[in-house]
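Here are a few exercises to work through with the model open beside you. Try each task before reading its solution.

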Amino acid sequence: MVTPKDELLRIETHRSGIFKFQMGINSLTLQPLLDRIEDAHRRLSSIPILPDVAIKLEREFLIDSIYGTNTIENGGLTEEETAAVLDAPPETAKEESALRVVNIRTAYGIAEGYGEYWRTQTKSESHPHLTLEEDQFIVLHEQITQGLRHANNIPGHYRDNPREQRTQVGNVAHGGIHTPPKCLDDIQMLMSAFVGWANASPVYNLSPLLRAPLIHYYFERIHPFWDGNGRVGRVIEAMILKAAGYKYVPFALSRYYLEHIDQYFSLFNQARKAEEKDAEYPNQAFVAFFLEGTLTVFNQLHDRINRMIGYLLYRSRLRDLYEQKAINGRQYLIVNTLLQVGTLHSAPDLQSQLWYISLYEKLTPKTRARDMKGLVEQQLIHYMGDGENKKIVLPIKLI
């Protein structure tokens, strides 16, 4: 069992009082969640993902992730606008809102590069997990905030608040306001101690699913930069998980945090207050929240992959039936159009479409009925409901 006294590190700062680093979790009560996540990971890893599916998944999760982490920090772009920026050449990002998106994408690439270097150069049985370095936080911050306007922030540089200026994080609605260390000496001392604690044996040898949220949490507690701390913390968390072999899910957690933003912010403060009260497991709720989010994202990913594979197999079967002349060109066009429209149709709705009218303009109602019957027999469509307004349904979930 992990107890709150395991690898407790107390740092007495110059001007910010005592700062504690501790695991602060009960691993026995978290183990069922860990087991479910590992089972979901194994099942996902066993699925042969087609190249077309992998490419589409990577793009979707990149958009989801960047939109999520950027919106948490008031990024200002919709999901569609985020996708448009990512599809455009990076050098075309002139507005600050677009530059934020490009910066995060580049930071993801840097973080994955750290993980790839570790996997190829360092990973071994005696060194199974990613080692953190203070420079990683600095480099990622420099990239994430490069070119963005902020009254005090300097990319890649820690805060050094003037004596009269405090940094405050959070608000009353989300569990209270946290005042992190303010002077540069304290921040440098804490970041050095933090990285050492994260790499020390008890923390280093935790499951990455426990280590990652703890590192995320304590980095946000230190809050070493003027701007971009949340984005850096989420990228570091994802970097640890990606290096451990978890695909797609690590960066997708940002979207989960956005969808549960009140809980996300409140639990940071709940953990801090629990520590102040010397609670036995102050970090338990935050880590459990992270694990629940990870399991949710895994399940969503399973569903998404199954839908995509089903869709591609359906398209492939449709094409094969057409090439084998088991369906004609009209039937092929009808199904392809229904795939593109993506909505349910009643027979009268379909028959009122101009493209459909032109398709049967010179043909008899019997031919039209025979075509639709053939699509049902080939299980390319089926009907839902009764009567004239019964719906024409595709036997797959559209993507």
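Two strands pair if DSSP finds at least two bridges between them. Keep that cut-off handy, and remember that this is a predicted model.

**Exercise 1. Work out how strand 5 and strand 7 pair, and in what order the strands of their sheet run.**

Step 1. Count the bridges: strand 5 and strand 7 (residues 391-393) have two, and the sense is antiparallel.

Step 2. Pick out a bridge. Ser 346 has Lys 391 in strand 7 as its partner.

Step 3. Three strands make an open sheet in the order 5-7-6, with antiparallel pairing. Strand 5 (345-346) and strand 6 (382-384) each have a single partner strand and sit at the edges, so one side of each has no neighbour in the sheet.

**Exercise 2. Describe the hairpin of strand 1 and strand 2.**

Step 1. Start with the pairing: strand 1 (residues 9-12) and strand 2 (residues 18-21) run antiparallel, joined over four bridges.

Step 2. Find a facing pair. Opposite Leu 9 you'll see Phe 21 in strand 2.

Step 3. Five residues lie between the strands, and Gly 17 takes a positive phi near 80°.

**Exercise 3. Check the length of helix 2, then find what its buried residues pack against.**

Step 1. Helix 2 covers residues 51-72, which is 22 residues. From first C-alpha to last it reaches 32 Å, close to the 32 Å expected at 1.5 Å a residue.

Step 2. List some buried positions, taking buried as under 20% relative accessible area. Among them in helix 2 are Val 53, Leu 57, Phe 61, Ile 66 and Tyr 67. Gly 68, Thr 69 and Asn 70 are buried too.

Step 3. Look for the neighbours. The buried residues of helix 2 pack against several helices, including helix 3 (79-87), helix 4 (96-121) and helix 12 (284-323).

Step 4. Step off the end: just after helix 2, Asn 74 has a positive phi of about 60°.

**Exercise 4. Zoom out and sum up the whole chain.**

Step 1. Tally the secondary structure: 16 helices and seven strands.

Step 2. Size it up. The C-alpha trace spans about 90 × 45 × 45 Å along its principal axes.

Step 3. Of the 399 residues, 48% are buried. The chain exposes about 19400 Å², with carbon and sulfur atoms supplying 50% of that.

Step 4. Finish with the charges: 44 are positive and 48 negative, and their mean positions are 6 Å apart.

Definitions and conventions. Residues are numbered from 1 along each chain as its sequence is written. This is a predicted model: local features need pLDDT of at least 70, side-chain atom pairs count only at pLDDT 80 or more; totals for chains, interfaces and linings use all residues. Side-chain values use heavy atoms; hydrogens and water are left out. The expected span of a helix is 1.5 Å times one less than its number of residues. Buried means under 20% relative accessible area, exposed over 50%, partly exposed in between (1.4 Å probe, protein chains only). Contact means heavy atoms within 4.5 Å. Accessible areas come from the Shrake-Rupley method with a 1.4 Å probe; for residues, only the protein chains shown count as cover. Lys and Arg count as positive and Asp and Glu as negative; His and the chain ends are not counted. The place of a charge is taken as NZ of Lys, CZ of Arg, CG of Asp or CD of Glu.
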